[in-house]
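Trainee: Could you walk me through this one? I'd like to start with how the strands pair.

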Amino acid sequence: MVVIKHIKAVGRFVSGHLKANQPKGKPQATASPALQALTVAALALPGLMLPAASAAEEDEVDFQYSHYEEGQRDLYGAKSTLHPIQVDSVLGKARVSLSDRIKFAFNYVQDTWSGATPYTTSPLAAGGNEPIRQNTASGKTIVTGASPITETQMYLSKNFVPVAFDTNTGKRLLRTLQPVHVLAMASPETRKQGDFKLGYEWDEAALNIGGGLSVEPDYVSSFGNMGGRLDFNQKLTTLDFGLSYTNSDTSAIMDHDAEPYVIKTAFAQQIQQTGGLSIIHGNRQDWAGSLGLSQILNKNAVVTANIGYTHSTGYMNNPYKAVTIIFADPTSLGSDPSHPQALVGDVKTFLEQRPNERNQFTTGSRYIQHIGFADAALHLDYRFFHDDWGINAHTFEADWVQPIASTWTVTPKIRYYTQDAANFYYPYIISKQAFSKTVITGYDANDLPITTTTAYNPNKLPANFSSDQRLSAFGALSGGVTINKKLSKAISLEAGFEYYTHAGSLKLGGGGDGSYSDFNYYLVNGGLNINLDALGGGGGHDGHHHDGHHAQPPAGVMFGHMLKKTNDIMVGYRYMYSRQAGDMLHGTGVASDKQIQNHGCVQGFTGYCRVTPAYMDMGMHMLDIMYAPADWLNLMVMPQFMDMDMDMRPLKGVTVNPIQDHLHGGHRTGGIGDTGMYALFKMFDNDIHHVHATVGLSAPTGDVDIMIRRMHRKDNGYLHYGMQLGSGTWDFKPSLTYTGQLDDWSWGGQFSATTRMENHNGSGYALGDVFQTTAWGGYTLTRWLSASVRGIYTVQQQIDGQFNPVSGTDSLGNTVSNVNPGSKANYSSGPMDYPTSYGGRYWDVGFGLNFTVPSGTLKGNNVGVEWLQPVQDNVNGYQLQREGAFSATWSVMF
C-alpha cells in the first residue's frame with residue numbers, strides 16, 4: 001500500500017488495488033481525468049509543463065490561481081514600450097458522488113490575457129519595429145513604442161541578401177539574413193470555459209460522458225467526450241479509452257493597424273465587412289481518440305503507456321499571425337541610381353496560410369517508483385508527438401515527490417522538450433519576382449505609351465506558409481517546484497513556481513531557429529483543496545446549528561455571521577455579477593444623447609462626447625477563508641478575481657470612427673482584484689440576538705494602470721476607471737452587523753463603509769468612499785431551505801483626481817508627457833472617461849434563498865443565491881442604468 005501514498009497522478013490505475021481495504025458493499029472510487037487549467041498562452045506553447053491529471057478518489061473541491069508572464073523579446077535595438085504577454089487564470093472544480101456508483105465532476109476556468117506578441121517576422125534590414133513618434137502638447141516629439149508592420153521597400157544584394165544603407169551617407173549598415181520579430185499589442189481579452197463529466201462505476205469497469213463550452217470574444221468551441229476503463233488481472237492491470245469531438249468557430253476582427261498592409265486574398269470568401277470592420281470567419285473540427293494501459297508491478301512501482309490520435313480539418317490558421325514576403329525582381333538590379341549594386345524589393349505581409357487538415361499521433365509512458373529510504377516517489381515521463389505537418393517532438397520529464405514530516409510535500413521537477421519545424425515554417429520569404437510590374441507594350445496614335453501591369457505569380461510562392469514561432473524548430477528547458485501543505489484532513493494549500501527557457505539552440509541534434517526567437521517565461525500558481533470525504537459530514541456539526549438549521553444571512557451580505565467555536569474553519573466561494581444596460585441617466589432622469597454630447601465630457605469642449613456605454617457586465621470571484629482563534633474572534637482573508645466587459649454605442653447625430661472610438665467589440669479586462677483582510681469581533685451573543693463588528697483592510701493588489709491598445713499608431717491611454725481591477729489604494733472597511741433568530745424567523749441589519757486611506761493611487765486618482773446600510777428578514781421553509789427579503793441603500797462619492805498623463809520618451813531618452821494634465825482629449829470619447837460620472841445614491845431590494853445539505857457526504861454544505869433589483873438610481877454625472885445584481889455563495893464549516 002506504500003505506492004498509494006505517492007502516485008495520485010495515476011490514481012485511476014491503482015484504484016482497484018484499494019478495494020481490498022474498503023468496507024464490503026462499497027465499490028471502489030474511480031476518478032475521471034480532470035480537465036487541466038491551461039492558459040491561452042500555455043495552450044500556444046508546446047513546451048509548457050502541465051500539472052499531472054488529478055486523480056483524487058474522494059469527493060473534493062479545488063480552487064486554483066495562476067499567473068503567466070513572458071520576458072522581453074530581443075528587438076535588436078528597437079525601442080518598445082509594449083509589455084510582454086501575461087495571463088491570469090482562475091480555476092474552480094468539484095467532484096461529488098451522487099450515489100455509490102454515480103460520480104459527477106464540473107470544472108470552470110477563466111483566463112484573461114494581454115500584452116505584446118509576435119505578429120510576423122521580417123528581415124532586420126527592413127526595420128519592422130519602426131519607432132512610433134507622437135507630438136506632445138508642448139510641441140516635443142516623443143517615442144511611444146514600436147509600430148506593427150507597414151508597407152515599405154528595402155534593398156537586397158545581387159545574391160538576395162537583405163541590406164540596409166545609411167539614408168544620409170549612403171554607406172551600407174547591414175548585410176544579413178537576420179530575422180527579427182515584429183510585435184503587435186492586444187488589449188485584455190477573456191476566455192471562459194465550463195465542462196462537466198458524469199460517470200458510472202461497476203466493480204471492474206467504469207464509463208463516463210462529458211462535454212463543455214469555451215467562449216472567447218473571437219472564438220467559440222464546444223466539445224463532447226466519452227471514456228471508460230476496464231480492469232483485469234485482479235485489478236492490477238487497467239485499460240483506459242477515450243473519444244472526443246470538438247467544433248470551433250472563429251470570428252476574428254482583423255488588426256486595424258496592420259490590416260491596410262496585409263494581403264488576405266486567400267481568405268476573400270471568409271472575410272465579411274461589418275460596420276467598417278473586417279471579420280474573418282472559419283470553422284474547425286477535431287476528432288480524437290486515446291488508449292491507455294497501466295500495470296501495477298508491485299507495491300512500490302507502476303508503469304503506464306498510452307497512444308492517441310487526433311484528426312483536424314477546417315480553418316487551422318491563426319488570424320493574428322502573418323508572414324513577411326519580400327518580392328525582389330532580379331531585373332531591378334541598378335534601378336536605384338543611389339545604390340546601383342542593389343536589388344529593390346517590395347516588402348509585403350500576407351496572412352499565414354496553413355493546411356486545412358492535420359493528423360496528429362502521440363504516444364507516451366510513465367514510470368513511478370517508490371523510494372523506500374527517502375519515503376519519496378520518482379516520476380519519469382516520456383512523450384512522443386508526430387504529425388503530417390512535419391513536426392516530431394520529444395518530451396522528457398522527471399518529478400521527485402518528497403513528503404516532509406506528516407503535512408508537507410515538496411515536488412521539484414524538470415522538463416525538456418524538443419521539436420522539428422513544420423514543413424511550411426519560414427521566418428520570412430524572399431520571392432524572386434516583382435510584386436507588380438508595368439511594361440510598355442506599344443504606343444497609341446498620339447505616340448503615347450501603352451502599358452500593361454502584371455501582378456506576382458502566386459504559383460511561385462509556397463502553397464502554405466507561417467512564421468509562427470510555435471511551428472519552428474526549437475528546444476525548451478523548464479524547472480520548477482510545487483509545495484503542498486496539509487492544514488487538516490480536509491484542507492490543503494498548494495503553491496508552485498516554474499521557469500521556462502525557449503531557444504533554438506536547445507533543439508536536440510541542432511538545427512534550431514535563430515536566437516531572435518528565444519524567450520523566457522515564468523508561471524506561478526496557488527491552490528486550495530477541500531476534501532469533502534474527509535469532512536465525514538462534519539460540515540454540519542452541532543456547533544453551527546440550532547434545531548437542525550441555523551439561518552444564514554442573504555448571499556449578498558458580506559461578514560454576515562461568525563464561527564462559534566475556537567479553531568473552527570470556514571471555506572467558501574462567492575460569485576457576484578452585476579449588469580448595467582438600457583438608458584443613460586443624469587441624476588434620477590434619463591439623459592438624451594444630445595445632453596451627453598454637450599455636457600457629458602470635458603466642460604468647454606462642446607460636442608466632444610462621441611460614444612456612450614451600451615452595457616457593462618462585471619463578475620467577481622472570491623474565496624472566503626475564515627478561522628476562529630477564539631470564540632470571540634474570527635480572522636478572514638478574501639482574495640478575489642475580477643472580470644469586466646463593456647461595449648459602446650455611438651451618440652445619435654455624431655460621426656464616429658468604429659475603431660478609434662472603441663466600437664470594435666468593446667473592452668474586456670480581468671485578473672486579480674484587491675485582497676481583503678478582516679477581523680470579526682463578537683460584541684453580544686445569546687440564543688436570539690447576535691452583534692459583531694468587523695474591521696478590515698483592502699490591499700491594492702488589483703491593477704489600475706490597464707491601457708487601451710494603440711490604434712492608428714496613437715496611444716489611447718488608460719482604460720475607463722470602472723474597468724480597472726482594483727482601487728489602487730489601501731482601503732479601510734469597517735462594518736457593524738446585527739442578526740436575530742426565533743423559531744423559523746430570522747432578521748438582521750448591517751452598516752458598512754469603505755474609505756480610501758490614500759489621496760490617490762499610482763495612476764493619479766482615488767475612488768470615492770462608499771457607505772451602505774441594509775436590513776433583511778428571512779423565514780425557514782424547511783429544515784434545509786430558507787428565503788429572505790432585503791433592502792439596501794448605498795451612497796458612493798465621485799472619483800477624486802484623474803488619470804496621470806500618458807508618457808513616452810524623447811530623442812534623448814527623457815520621459816515626456818504627451819497629454820495635457822488638464823485634459824483627456826487625446827483618449828477620451830465618452831462620459832465613462834470622466835471622474836465626475838462615477839458614484840451616486842442607490843436603492844435596491846433583494847430576494848434570496850439559502851440551501852443547506854441535510855445529510856450525506858455533503859452534509860452542512862451551504863449554498864445561497866440572491867438577486868438585487870434596483871429601485872432607484874440617483875447618479876453623479878452621466879451613467880448607465882443598472883439592471884440588477886446576482887450573488888451566489890457556497891461554504892462549508894468544520
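Mentor: Happy to! Two strands pair if DSSP finds at least two bridges between them, and strands are DSSP runs of E with at least two residues, numbered from the N terminus. This is a predicted model, where local features need pLDDT of at least 70, side-chain atom pairs count only at pLDDT 80 or more, and totals for chains, interfaces and linings use all residues. Residues are numbered from 1 along each chain as its sequence is written, and side-chain values use heavy atoms, with hydrogens and water left out.

Trainee: Great. What stands opposite Ser 788 in β46?

Mentor: Gly 848 does. Strand β42 (residues 785–796) and strand β46 (residues 840–852) run antiparallel, joined by 12 bridges.

Trainee: And which residue stands opposite Ser 788 of β42 in the pairing with β41?

Mentor: That's Gly 778. Strand β41 (residues 770–782) pairs with β42 in the antiparallel sense over 12 bridges, and a hairpin of two residues links β41 to β42.

Trainee: Switching topic: what does Met 638 contact, beyond its neighbours within four places in sequence?

Mentor: Contact means heavy atoms within 4.5 Å. By that rule, the partners of Met 638 include Met 558, Phe 559, Met 622, Asp 674 and Tyr 678.

Trainee: Nice. Which strand gives the most to the lining of the second largest pocket?

Mentor: Strand β47 (residues 862–893), with seven residues. A pocket here is an open set of points on a 1 Å grid over the protein atoms alone, where a 1.4 Å probe fits, with protein on both sides within 12 Å along at least five of seven lines; lining residues have an atom within 4 Å of a point.

Conventions: Helices (H or I, at least four residues) and strands (E, at least two) are DSSP runs, numbered from the N terminus.
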